[in-house]
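Here's a quick briefing on aromatic ring pairs and a strand hairpin. Have a look at the model first, then read on.

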Amino acid sequence: MENTGNQVQDHYFLPRGKEMSIAIFALDRKTTVLGKLQSWPAALKQTLSLSLNSAIPTLLLWGKDSIALYNDAFMPYAGHFDKEILGIPMGIDEMDMLTNLYKALQETREGHAGIRRAFQF
């Protein structure tokens, strides 16, 4: 990410040093209905900033098209879809990833996943 002039101001919500911040910054604006980062709604920027700064795996499905945005901690759950689903509507083709996510959540509930043990839910 460049951090000069207006770009820092326009992309203030993308934390430095996060792999997904760099990937979101690099999104091809022609392939996502979200458009330019500067035009994203404040609510999306704030929600995404919280997610990107979180150590808890977070998948954000934004808007009526369920546009997929997620943080670094979620990347292992995306499996082979990692970076392929970023910024696109979640559809039937992504069900494999969702199945893996469901399995991870079940493991967490059973006390087998690291997140549950680390945060003692």
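This is a predicted model: local features need pLDDT of at least 70, side-chain atom pairs count only at pLDDT 80 or more; totals for chains, interfaces and linings use all residues.

Residues are numbered from 1 along each chain as its sequence is written, and side-chain values use heavy atoms, leaving out hydrogens and water.

**Aromatic pairs**
- Searching the whole structure turns up three aromatic pairs; rings of Phe, Tyr and Trp (its six-membered ring) pair if their centres lie within 6.5 Å, with planes under 30 degrees apart called stacked, over 60 edge-to-face and the rest tilted.
- Tyr12 and Phe13 have ring centres 5.7 Å apart and planes at 80°, so they sit edge-to-face.
- Phe13 is buried at a relative accessible area of 1%, whereas Tyr12 is exposed at 52%.
- Tyr70 and Phe74 make a tilted pair, because their planes are at 55°, with centres 5.4 Å apart.
- Tyr12, Phe13 and Trp40 are linked into a cluster by ring pairs.

**The hairpin**
- Strand 1 (residues 59–62) pairs antiparallel with strand 2 (residues 67–70) over four bridges; strands are DSSP runs (E, at least two residues) numbered from the N terminus, and two of them pair if DSSP finds at least two bridges between them.
- Tyr70 turns up again here, as the bridge partner of Leu59 in strand 2.
- Four residues lie between the two strands of this hairpin, and Gly63 in the turn has a positive phi of about 75°.

Definitions and conventions
Buried means under 20% relative accessible area, exposed over 50%, partly exposed in between (1.4 Å probe, protein chains only).
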